[in-house]
Amino acid sequence: MAVSWLHKFAARGRVPVFPVLGKQGDGVLRHLALSPRIELVDSPRHASVLLVAGEVPADRCEPLRRVHDQLPYPFTTLWFRSEPWPHLERVARIDDLDDLPGALVTAHRELMEGRRGSAHRLLPDEPPNPWEGEGDFGQGGEGMMGGVPYGRPMAMNMEDDIRDGLTLDSLTFRLGPFFFAFPPGMAAEITLQGDLVQTWKTQLAPYPQPLDEVFFDARQRPVPIAEVELARARHHLHQLFHALHLAGLENVSLRTLRLAHGLSTSSTLDGLRRALSRRGFFRLTAGGGVLGPEQARMIGGPAARAAGLDDDLRAEDAGYRRLGFSPVCQTAGDTHARWRQLLDEIDQSLHLARLAERDRVHTERTGSVETPRGPWSARRPADASALFDELLPGLEWGDALATVASLDVAGLADQPVGTRPSGESRAVRGGTGNDV
Amino acid sequence: MESMNHGLGVDIAFLLLATLAVVTGWRVFRTDSMVRASFFLLVSFIAVGVIMILLAAEYLGVAMFFMMAVEMTVMALFMVMFMMNPAGLNPMNMVHQERIAIGAGVAGFLILGAMALLATFPDQPVPAGLEPVRSLGNEMLGESMLIFESAGLVLLTTMIGVVVLSSHRGRYGAAAEGSMPPGLEPGGDPAGKPEEDEAGEGGHHHHHHHH
Amino acid sequence: MTLTTLLLLAAALIGIGIYGALSQQSFVMLMMGLELILNGVMLAAVAFWAFSGAGVPEGQLLTIIVMAVMAIEMAMGFALVVAAFRGKQADMTESLTGLKH
Amino acid sequence: MFSELFLPVLMVIFMLVVGGYAVAVLDRLVASALGVPQAGGIWLAPMARGAWLLTQHANATEAPDWRAWRLAPALYLALAAGGLAVVPWSASLVATDLVTSVVLWGSVEALATVVIFLHGWSANSLLALIGGYRYVALGLSYILISMFVLIGVALPAESLQFTQVVASQEGLWNVIRQPLGLPLFLIVGLGMTFWGPLNLADSTDLAGGTASEISGPPRLVWDMARAAMLVAFSGVAATAFLGGWLGPWLPGPLWISLKMLAVLSVLLLLGRLLPRLAPERCVTLMWVVLLPLSFIDLVWAGIGALL
Amino acid sequence: MELFALLIILILALGAGLLMQWLPMRHQPRPSWSQRAPFLGGGTPDSHAWNRYHVRYYSMTLLLIAFEMEMMFMYPWAVVFVEKGMKAMMEMGMFLAILSVGIVYAWREGVFKWQ
């Protein structure tokens with residue numbers, strides 16, 4: 001009796017959702033972040049619903065199974081724009097973004113009230129290595145460091161420390177592709193000594209990211225600069241949203257998101273910029289990750305300009321020149337410089353959009369376009385996640401993740417982003433973006 | 001009546017705390033996990049600290065808590081840093097000359113215990129009105145500033161000493177100097193470690209000499 | 001709780017500490033033994049102060065000094081371990097004795 | 001017997017429960033005021049979350065240190081309760097009026113570091129481990145600041161007893177007399193509960209840090225213990241700096257509850273406003289900036305006490 | 001009596017914390033091995049996480065031990081401060097000066113940096 005009362009009560013809370021991102025799934029994140037009934041969590045242990053958003057490529061199915069099995073009972077799954085695995089019981093596929101929050105709430109409620117059974121484990125119930133009853137004491141190990149006690153070998157020293165000459169143990173593990181602080185789809189093999197990154201090998205590149213249609217159009221024909229610049233600013237704001245969540249600034253990250261959703265030529269960035277610098281975002285948070293000139297050129301775009309390269313295809317466009325465009329730059333090239341650069345560029349984009357809208361200016365150069373991710377003339381900006389392999393070793397964990405968040409490395413997809421889901425604008429709930 | 005009750009309660013508490021202190025003190029050397037060992041020692045210290053409070057040494061007892069909490073945290077950090085198999089995933093027994101050690105331990109206990117039982121000490125309990133903390137403070141700030149000054153200087157020396165010894169920017173040169181390659185093979189003993197005789201009798205020996 | 005029982009407890013702690021300090025191979029574990037000995041010493045000092053010192057402050061001061069010795073021993077000990085490990089990559093007492101040229 | 005023993009104990013338990021709930025509600029109110037969407041009933045939300053955690057199964061890792069893992073949240077809760085025990089609710093209503101209760105609170109702070117480290121260590125999981133170790137860097141740094149600041153309030157009281165500390169504020173509260181004290185102490189409070197900018201233990205970049213591998217009832221206890229520690233801290237802060245039970249018209253316990261509420265609001269607001277500090281920067285900040293500031297506070301307090 | 005109250009409070013809180021975990025959990029089955037694998041965003045570790053962890057702030061911790069010892073002296077000093085007046089003030093000045101020298105030296109040596 002008391003138990004059912006407890007379950008009824010549990011059904012009324014916010015729905016803790018662990019999102020697993022497939023291709024083009026990150027839009028869901030931005031939609032759900034503003035939904036009051038949904039709580040996006042960073043660890044599957046803290047969730048009752050596993051949301052698979054977007055199509056998960058075959059090489060990431062095994063990790064998905066692993067994550068699926070890591071949710072504690074009772075839990076259920078929901079598949080968004082992705083075909084559920086046939087052997088799962090009672091799973092629902094949702095395709096309309098507007099239905100998603102409601103479906104998540106329903107799933108959680110049914111689960112809590114016992115109307116829906118919990119999902120089951122997919123992987124066999126076996127330790128990573130057989131150990132029981134083996135070894136000197138039945139713990140699976142041998143001697144002091146050998147064997148596989150409780151199923152895994154012990155951490156051992158593989159390489160010298162890179163900082164202070166105390167060579168202690170290092171830990172090697174693979175992180176991702178469903179680690180929230182990484183670009184969607186990225187996975188890396190990392191060796192840590194203490195909390196310092198010793199080596200970093202990017203194993204799976206992030207999914208190619210779809211860009212707004214207007215950038216594709218701009219390569220074919222002149223398009224209104226106002227539209228291009230608003231799309232650019234929106235792209236940057238989305239990146240900032242993820243980074244601010246990582247830095248623990250939940251409310252500013254949501255403010256950024258609202259600004260992005262309601263972005264128009266009358267939006268301003270002043271409030272956001274002020275909030276960030278007042279709260280010490282540039283002084284107190286993790287930083288590091290200085291790009292050298294070669295690396296900066298390789299990645300291109302705002303990251304390169306933050307490192308002092310003033311390459312920008314917009315400077316070669318007569319339409320932009322008429323608006324008085326010249327590239328803005330930073331010199332330091334580190335994480336904080338990239339954020340300053342991004343804010344400056346968003347500001348500049350909004351300014352250009354305002355001027356362009358007033359004077360109805362269009363782009364004039366076709367065939368090449370400066371995307372938010374970098375210059376796209378002959379080739380699309382390609383994936384640059386291999387850059388992390390040389391950039392991150394030597395950084396401590398927080399700095400490494402902040403650096404990852406500050407770099408937009410994913411290559412561009414060959415398709416523009418699908419029809420913009422109508423839900424995104426509705427979720428804003430009265431936020432025009434002006435009042436931030 | 002009230003005071004007798006109180007006395008009995010204190011006796012029971014003392015008995016429990018004494019058992020706790022001894023058992024956890026013993027467990028320090030009987031557990032495989034270095035973290036557990038450090039925190040067992042911490043519990044032993046805390047038990048002794050509570051006994052001190054029961055003895056009206058309120059400052060010393062409570063100070064024991066915070067001093068030892070910090071020291072044992074640091075102890076745990078260093079134990080984990082420098083001991084192979086710090087969590088004791090493989091049970092191990094890293095002892096040498098165990099029989100001698102047991103003998104010495106028991107002998108120490110017997111001698112000291114006999115002294116405690118046989119010797120007579122003056123019976124001069126703490127006077128009723130004494131404020132232990134105040135008297136301690138007065139003693140420290142006594143006629144001269146000797147205690148404070150010497151303590152300050154000794155501790156400053158310690159600070160400088162630990163910085164010099166432990167910081168890799170210290171006078172012992174940069175990090176790379178003097179550091180040796182890691183073990184010849186994974187899990188083996190560090191290269192350059194001197195051979196030792198296998199005199200230890202303490203059961204399972206942890207060294208595996210690979211040749 | 002009498003002086004005798006307190007001293008017995010202190011003796012037990014010191015005995016365990018002696019065992020630990022003598023039997024442990026690792027330098028860090030050896031320090032645990034030393035700490036336990038000092039634990040017993042501090043208890044004994046406080047017990048004497050409470051029961052047969054007539055409340056002279058020196059009894060408490062002695063405990064504080066023992067604690068200071070302990071802190072200094074620990075700090076210097078660990079600093080030495082770090083320095084030795086950096087030089088020799090070892091933490092065993094046997095190796096440390098080898099350091100004393 | 002009743003007024004000496006049971007009443008203070010009841011008071012502490014009551015404050016623990018009500019205070020923990022108040023923290024959960026206040027944090028949601030602050031969040032919604034700052035634009036983080038909250039589902040309908042803010043008053044019921046903490047209960048619903050608690051009910052969900054009670055129904056969720058507890059997670060396990062492959063080879064955790066079981067006892068330490070389960071003990072750590074309960075110990076943290078016990079430490080919070082112990083911290084609350086030294087807070088005087090009125091001149092006579094206080095659970096543990098030790099002559100050295102200020103030092104006892106210092107011990108609670110030091111032991112909290114032990115427990116939080118243990119929580120991160122015992123899971124035997126990478127992210128939790130890093131969280132635990134990070135926290136130690138912070139915990140060992142803030143403890144000195146806290147001690148200096150609290151010695152500062154002990155100077156005018158000529159005692160290490162919280163009731164005396166309150167009594168010494170009869171004329172003027174310490175928050176005015178020692179203006180640096182409370183701000184510094186608030187930073188300690190954020191550190192002790194690893195809240196907001198000082199959340200190095202359970203941070204987002206570690207997917208929850210020491211809590212990343214726990215679920216269900218252990219997580220509930222851990223969250224409650226954190227909230228309880230925040231309450232205990234606010235009680236001590238109100239006692240040491242805001243004159244504790246002192247105040248006109250209202251009874252003492254009510255006054256201190258109001259002051260605790262004020263401290264809690266400031267802490268929760270700070271927690272939501274500031275970004276998380278990088279661990280290395282945090283250690284340097286504590287030792288090089290805040291610790292000298294606490295020296296100044298102590299000198300200020302000393303001069304003030306002598307005048 | 002004070003200690004007895006503290007004891008009751010500690011035991012109640014500890015007991016509540018343990019019971020709240022134990023009561024709901026006693027009927028729960030032990031999680032499967034696939035659930036127990038550490039969460040790494042779908043990735044896997046090579047080994048147990050417990051290792052000889054390279055604590056990057058170890059020299060700071062040693063400095064702290066020495067520092068904390070000084071705190072031992074400061075608490076009793078605080079109680080008699082007003083009584084002793086200027087003399088206590090001078091001693092404190094000297095003490096803080098020594099401490100400051102220690103901090104400044106350690107800072108210059110980079111002790112507070114991640115080694």
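Domain bounds, as used in this tour, come from an automatic or database domain assignment. Please also keep in mind that the model you are looking at is predicted.

Begin by selecting chain A, for which that assignment gives domain 1 (2-112), domain 2 (158-204) and domain 3 (213-426). If you colour domain 1 of chain A and domain 2 of chain A, you are looking at two parts whose C-alpha centres lie 28 Å apart, and whose contact takes 10 residues from domain 1 of chain A and six residues from domain 2 of chain A. On the side of domain 1 of chain A that touches domain 2 of chain A, strand 1 (15-21) and helix 3 (61-69) of chain A each supply at least two residues, and helix 3 of chain A gives the most, with three residues. Sorted by class, that side of domain 1 of chain A has five nonpolar, one polar and four charged residues.

Taken along the principal axes, the C-alpha atoms of chain A fill a box of roughly 80 × 60 × 40 Å, and buried residues make up 57% of the 436 residues in the chain.

Next, select chains B and C together, because this tour now turns to the pair with the most contacts among the nine pairs of chains that touch. The contact takes 63 residues from chain C and 74 residues from chain B. Of the elements on the side of chain C that touches chain B, helix 3 of chain C provides the largest share, 22 residues, and by class this side has 40 nonpolar, 17 polar and six charged residues.

Finally, select helix 4 (residues 86-108) of chain E, which has 23 residues and reaches 32 Å from its first C-alpha to its last, close to the 33 Å expected at 1.5 Å a residue. Its buried residues include E:Phe95, E:Leu96 and E:Leu99, and what covers the buried residues of this helix includes helix 6 (146-166) of chain B, helix 11 (279-306) of chain D and helix 3 (58-84) of chain E. Helix 4 of chain E is followed by E:Gly110, whose phi is positive, near 75°.

Methods: Residues are numbered from 1 along each chain as its sequence is written. Chains are lettered from A and ligands numbered from 1 in the order in which they are written. This is a predicted model: local features need pLDDT of at least 70, side-chain atom pairs count only at pLDDT 80 or more; totals for chains, interfaces and linings use all residues. Two residues are in contact if their C-beta atoms, placed from the backbone, lie within 7 Å. Helices (H or I, at least four residues) and strands (E, at least two) are DSSP runs, numbered from the N terminus. Ala, Val, Leu, Ile, Met, Phe, Trp, Tyr, Cys and Pro count as nonpolar, Asp, Glu, Lys and Arg as charged, and the others, Gly among them, as polar. A residue is buried if 20 or more other C-beta atoms lie within 10 Å of its own, exposed if 12 or fewer, and partly exposed in between; C-beta atoms are placed from the backbone. The expected span of a helix is 1.5 Å times one less than its number of residues.
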